[in-house]
Amino acid sequence: MMLEMVMADLKTQVIVVGGGHAGYEAALASARMGVKTTLVTLDRSQIGRLPCNPAVGGIAKSHLVSEVDSMGGEIAKNADFTGVQYRMLNTRKGPAVQSNRIQCDKIAYPLRIQEVLKNQANLSLIDDMVTSIDTHNGKIKSITTRSYGTIYANCIVICTGTFLRGRVLIGTQSIAEGRMGEESSESLSESFQSFGFSLARLKTGTPPRIHSDSIAYDRIDEQPGEDPPPLFSYDAKQLRKNSEKEMFHVEQSKLIPWIPGDRQLSCYLTHTNPQTHQIIADHLHESAMYGGMIEGTGVRYCPSIEDKIVKFSGRDAHHVFIEPEGRNNVRLYPNGTSNSLPEEVQLKMIRSIVGMEQAEMIRPGYAIEYDFADPTQLFHSLETKKVENLFFAGQLNGTTGYEEASAQGFVAGVNAACKVLGKSEFTLSRNESYIGVLIDDLVTKGTDEPYRMFTSRSEHRLTLRQDNAPYRLYEKASRLQILNKDRLLVTKYQMDSIKKEVQRLEKTFSGGKSLAQLLRQPGNTYDALPASLRECEDEDVMRQVEIEVKYAGYIKRERERIETAQKQESWRIPIGFDYDSVGGLRAESLEKLKRVLPENLGQAGRISGVIPSDVALLSVAIKKLEMVLSADTST
C-alpha cells in the first residue's frame, strides 16, 4: 500500500529536466496551459541563474525575448523587473536592427523567477539528479532519478544546459562540473546514446570576476543607462507608467520593492593593450584551450581572449566592458576577457589593463566543455525524431545564450502541453518570427559550433522587428491563451488603431500633400505633423504608424516575398516518404534529406547541400504520390 502511494505521488503529465532559462520557460509554459508539470533540477536555489554575463537582450537576442514575452513567457518581465541598466542599441540605424539590452541584478534575477515558479499553479519542483530516460515502444515513459527513482510522465522536456558530462577547465585543471561549484550530469548522456542520439562536444567560457572597489574609475570611460529606460514587457511598462512597485518574496518573509528602470548603474569601457597580449601569448600553452585540454568547438562570435590575440594578431587593443553584477554586489564582470588560463596568469593579465592595475580577482575565469545533441534530430516542435514525446531545448541543442535557451524552452514546453491536451503542435516559421529562424536553422542545418542569433540570419528583418512582436504574434498568443485576456484585448485594439491611422494619413491632406507623404519626408516624425491633424496619443501605436508609413514600399515587397516562401512551406512531405524512390537526386542531397527528414519543401531547400534542382525533383515526386493516393481514396 505504501509503495502504491509513493508511485502515485511520482506521476505527472510533463517533466522538465533542468532549471536554467530553457527549463523555467518550458515549465511555466506547460503549467500555464493547465497541464500538471514537474520541474526536476539539481538545486532549486540555482534556478534561473545568470552564470555568465548578467545581461538579457542585445542585437537580435532582444527579438527573441520580445517574442517570448508576446506569447506569455517570463524572461522579458524578469529582466525588466531586476535590471540595473537599460539601453537601446543601434539607435543610429533603422528599426529592423534596434535592440534592447538590460544589465540585470545577478542575485535578484534568479530570486524573482524562483518566486514566480513557486507560486505557479500546476507546477511542482523536485531537487534531484536525473540519471536516465526510459521508453516503451519508442515513446517516452519515465525518468529515473538518483533519489526519487522512477517518475512517470506523458512528455519530458530536457533542458540540461552545460551539465551533460560538463568539465570546468582552468589552465591544466579539469573538474567534472556543469558550472563552477555545481555537479555535472555524467550518466544521462549514456542514456541518450543508448537510444541512438548523436552527441558531440561544445565549449564556452566566462571571464574572471573583479572586486568593484579595486577599479580606477577615473581612468576609464563611463557608459550610463538611458532615461527613460527602454523596457521589454507590457507589464513593466504599465507599472513604470503608473509608478507602481512590483513586490516579490525573498527568504519567505522579506519583500523587494522594484520599479523597472529606477536607480540605474553605469557600465565602463577600457581596452587591452600590447602588454596584455604579450602576457597571454607567453602563457598560451598553459591555457586549457590551446594546451590541448579541450576538444569541443568554441563560440565564434564571442571568442575567448586567447582566441582574439591569436586570430586577430594585428590588433593592438580589444574592448573590455566592465559591467556591474548588481546593486548590492561587489562583483564586476570584465566582458571581453573570457579565458581558460591559469589563475595567476589571469590576475597578471587583468592588471595589465588600464584602470584595472590594482584589480582584486574574486573568482578566476574558466572554460566549460559539455555534450550537445545534433539538433537535426528534432522536429520544428523540438520533439525528438527518435523518441516520441521527448523534447530537447536550450544549449543541449547547440545554442549559446539565455535568450536562445528561453525561446526554445517556451516552444518545447508549449508543445509538450499540446501533446498532453491532444492539441495540434505549435510551430513558428522563419517567415513570422526570430524564434522560427532559430529553430529552423537548428533542425534544418544543424550546427557544429555554439549557435548565436543575429539579425543577419533572418531574410525578413524589416517585418520581424523587436517593436512589432506583439502584433505579428497576436494570433499565436490568442491560440495559446497563456497571456491574460486584458493584454490580448489591448494588443488587438492597438493593431486596429495602427491600421486605421495609416489609412487616415494616406487620405488626409495638408498643403497639397497627404499626411503620409509629409511623414515620409526625411527627419519627420508623427509628432512633427500639424497638431490639429494628429489623432493618435498611444506611443506604441505612433511608433508602428511611423514605421509602416516611412517604410511602406520596402515592407510591401518583403511581405510579397513572405507569401512566396509560405507557398513552399505549404508543400508538406509525407511522413515516411521514400527518398530512394526519387530518381535523379544527387548522392549528397539524398543522404542529407534522409538524415534531416524535412517536414516541407521549404525546409528541404534550406538544407545545406540540397540545390534547387533537387527540390524540383522532390516536388514532382510528392505531386505524383499525392495523385496516386487521391486516386486510391476515390476508388
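Predicted model: local features only at pLDDT ≥ 70, side-chain atom pairs only at ≥ 80, totals over all residues.
**Paired strands E1 and E2**

Strand E1 covers residues 14-17 and pairs with E2 in the parallel sense, over four bridges. Two of the facing residues can be named: Val-14 stands opposite Thr-37 in E2, and Val-17 has Val-40 of E2 as its bridge partner. E1 is covered on both faces, with Val-14 and Val-16 buried on one side and Ile-15 and Val-17 buried on the other. Strand E2 (residues 37-41) is mostly covered as well, since five of its five residues are buried. Thr-37, Leu-39 and Thr-41 point one way from E2, while Thr-38 and Val-40 point the other way.

**The sheet E3-E5-E4**

An open sheet is formed by three strands in the order E3-E5-E4, and the pairing is antiparallel. Its edge strands are E3 (55-57) and E4 (83-89), each of which pairs on one side only. From one strand to the next, the twist averages 15°. E3 is joined to strand E5 (residues 99-104) by three bridges, and these two strands run antiparallel. Within E5, Ile-102 stands opposite Val-56.

Helix H4 (residues 75-82) is largely enclosed by the rest of the structure, because eight of its eight residues are buried. Among these buried residues are the charged Lys-77 and Asp-80, as well as Ile-75 and Phe-81.

H4 packs against helix H5 (residues 108-118) at an angle of about 130°. The two helices are therefore oblique to each other, and their crossing is right-handed. On the H4 side the contact is made by Ile-75, Lys-77, Asn-78, Ala-79, Phe-81 and Thr-82, and on the H5 side by Ala-108, Tyr-109, Arg-112 and Ile-113. These contact residues divide into six nonpolar, two polar and two charged.

**The contact of H15 with H17**

H15 contributes Gln-494, Ser-497, Ile-498, Glu-501, Val-502 and Leu-505 to the contact, whereas H17 contributes Asp-540, Val-541, Gln-544, Val-545, Glu-548 and Val-549. The contact residues comprise six nonpolar, three polar and three charged. As background to such lists, residues three or four places apart in an α-helix point the same way, because the helix has 3.6 residues a turn.

| Helices | Angle | Axis separation |
|---|---|---|
| H4 and H5 | about 130° | 9 Å |

**A buried loop residue, Asn-397**

Asn-397 lies in the loop between strand E25 (390-392) and helix H11 (402-421). Its relative accessibility is 0%, and Asn-397 therefore counts as buried. Leaving aside residues up to four places away in sequence, Asn-397 touches Phe-372, Ala-373, Pro-375, Leu-378, Leu-382, Phe-392, Gln-408, Leu-442 and Thr-447. Thr-376 is 21 residues from Asn-397 along the chain, and the C-alpha atoms of the two are separated by 9.0 Å.

Note on methods: Residues numbered from 1 in each chain as written. Heavy atoms only, no water. Contact = heavy atoms within 4.5 Å. Buried < 20%, exposed > 50% of the residue type's maximum accessible area, 1.4 Å probe, protein only. Pairing = 2+ DSSP bridges. Axes fitted to C-alpha atoms, helices over the stretch in contact; angles between N-to-C directions. Parallel < 35°, antiparallel > 145°, perpendicular 65-115°, else oblique. Left-handed = near helix turned anticlockwise from the far one by under 90°.
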